[in-house]
Amino acid sequence: QMTGMTSVQLLPQRFVLLSHHAETLGEFSPSIMRMLISCESENADIGFLSVTRSGEEVSWILPRQLFNEFDAGRSATCIGDFRALKLSGSFSEGIYGVVDAFCSPLARAGFEALSMSSYATNTVFIREEDLEGAMSALISAGFVVDDFAERKLKR
């Protein structure tokens, strides 16, 4: 169960989902791979990066600005732009249902969401064109949005 206040932080970057066939990863130069894995770039605030590999594909979620720095190759599929909503709050150890509690209001309102979780962080990606409606659905469900998100909604 969730305890305390649960808030939503809108990350400032725009993100893309990149899908690449595993056998064609050689199309990326070693310098590009180092930049992606080290999360160091002179021109992009990386902040969040996810790499997931199945037997036949590698999927990346990375900032649009970082993606723009390299040519992903002809075998890559790129989908975007997404905005990232980071769930913050006080959670007890062994918690379950965080992602469900976060994504259910979005699903009820008709918005698609892609969730990525690490040990201590839950981040949900929403298509940029759905951001305002998704934030409104989360506010209606009792989530508190950060100042950056509030300013974004008032535009």
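Phe143 is buried, with a relative accessible area of 9%, where buried denotes under 20% relative accessible area, exposed over 50% and partly exposed the range in between (1.4 Å probe, protein chains only). The model is a predicted one, in which local features require pLDDT of at least 70 and side-chain atom pairs count only at pLDDT 80 or more, whereas totals for chains, interfaces and linings use all residues. Residues are numbered from 1 along each chain as its sequence is written, and side-chain values use heavy atoms, with hydrogens and water left out.

The structure holds 4 aromatic pairs, a pair being defined by rings of Phe, Tyr and Trp (its six-membered ring) whose centres lie within 6.5 Å, with planes under 30 degrees apart counted as stacked, over 60 as edge-to-face and the rest as tilted. Phe102 and Phe143 form an edge-to-face pair, with 5.5 Å centre to centre and 75° between the planes. Phe102 lies in helix 3 (residues 98-108) and Phe143 in the loop between helix 4 (131-140) and strand 7 (144-145), so the pair ties together parts that are 41 residues apart in sequence; helices (H or I, at least four residues) and strands (E, at least two) are DSSP runs numbered from the N terminus. Phe102 also counts as buried, at 0% relative accessibility.

Arg83, found in strand 4 (residues 77-91), counts as buried at 0% relative accessibility. Its side chain reaches the backbone oxygen of Pro12 at 3.3 Å, and the side chain of Arg83 makes a polar contact with the side chain of Glu128 at 3.5 Å. A polar contact is a pair of N or O atoms within 3.5 Å, of which, within protein, one must be able to donate a hydrogen and the other to accept it, and residues adjacent in sequence count only if both atoms are side-chain atoms.

Strand 5 (residues 114-117) and strand 6 (residues 122-127) pair in the antiparallel sense over 4 bridges, pairing being assigned if DSSP finds at least two bridges between two strands. The two strands form a hairpin with 4 residues between them, and Ser117 stands opposite Asn122 in strand 6.

The chain averages a pLDDT of 77, with 65% of the residues scoring at least 70; pLDDT is the predictor's confidence in each residue, from 0 to 100. Within the chain, confidence is highest in strand 6, at 92, and lowest in helix 5 (residues 147-154), at a mean of 62. Over residues 1-5 pLDDT stays under 50, and for these residues the model has 15 contacts (heavy atoms within 4.5 Å) beyond four places in sequence. Where pLDDT is low, the predicted coordinates should not be read in detail.
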